[in-house]
Amino acid sequence: MIQSRTICATVVLLGATLATAAAPAVAAPPAAPASATACPTGWGSGDKAAGAATAESVRNVRTGRHDCYDRMVVDVPGAARGDLGYSVRYVDRLHQDGSGRHIPVSGGAVLEVRVTAPAYDPGTGAATYPARAGRPLPGVDLTGYRTFRDARFAGSFEGDTQLGLGVRGRLPFRVQQLDGRLVIDVAHTWSGAAR
């Protein structure tokens, strides 16, 4: 009795398998093309600056990748948006404030980023951001970035902090002042479409 049930179950499964295999294949509808990301345009590559200053100190520099641009964020906790001054511009070579020493920065173009905030405690002179002049920014790994190639600390002199950002080429960029941070976005392309 058990053997006949096993044979019957096997025949039923075999029949179901054959019926499925004999059924005509139906093509799935074609997938809709992925929509291209529309990227902001009109940033330009000219110098950008805002005159203001803060006694609050730079505490960190971090980076991030986005569909249309690579981003650098300079953290200055406690600084109000309107008190966070800056100057961001393309330079042929990065020269350290005070000494004039050349700081090599890799990439097809170099953005000099100046933030009007010290990277030290104004009262004690103790460093608030653990970077060394001429060295890569601590904790910043640019592996896999489309635009960023290098990020160097140039120094902090007379209340200003100076950074060098090596990018693929002279691409459009924007600067945003936010409470507690300065944001620099460098576009992946001039065209306004993500690839």
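The model is predicted, so local features need pLDDT of at least 70 and side-chain atom pairs count only at pLDDT 80 or more, while totals for chains, interfaces and linings use all residues. Residues are numbered from 1 along each chain as its sequence is written, and side-chain values use heavy atoms, with hydrogens and water left out.

The sheet comes first. An open sheet is formed by 4 strands in the order β2-β3-β11-β10, with antiparallel pairing. Strands are DSSP runs of E with at least two residues, helices are runs of H or I with at least four, and both are numbered from the N terminus. Two strands pair if DSSP finds at least two bridges between them. At the edges stand β2 (60–65) and β10 (173–178); each has a single partner strand, so one side of each is left without a neighbour in the sheet. On average, neighbouring strands of this sheet are turned by 15 degrees against each other, direction ignored; the axes are lines fitted to C-alpha atoms, for helices over the stretch in contact, and angles run from 0 to 180 degrees between N-to-C directions. Between β2 and the antiparallel strand β3 (residues 69–75) there are 6 bridges. G64 has R71 in β3 as its bridge partner.

The loop between β2 and β3 also holds C68, whereas C39 sits in the loop between α1 (2–22) and β1, 29 residues apart from C68. These two cysteines form a disulfide with their sulfur atoms 2.1 Å apart, the cut-off being a pair of cysteine sulfur atoms within 2.5 Å. The torsion about their S-S bond is about -75 degrees, so the disulfide is left-handed. A search of the whole structure finds 1 disulfide. Both C39 and C68 are buried, where buried means under 20% relative accessible area, exposed over 50% and partly exposed in between (1.4 Å probe, protein chains only).

E56 is partly exposed, at a relative accessible area of 36%. Beyond its neighbours within four places in sequence, E56 is in contact (heavy atoms within 4.5 Å) with residues including V76, P77 and A117.

Q162, in strand β9 (residues 160–167), is buried, with a relative accessible area of 1%. The side chain of Q162 reaches the backbone oxygen of H95 at 2.9 Å. Leaving aside neighbours within four places in sequence, the residues in contact with Q162 include H95, E112, R114 and F153.

Key: A polar contact is a pair of N or O atoms within 3.5 Å; within protein, one must be able to donate a hydrogen and the other to accept it, and residues adjacent in sequence count only if both atoms are side-chain atoms.
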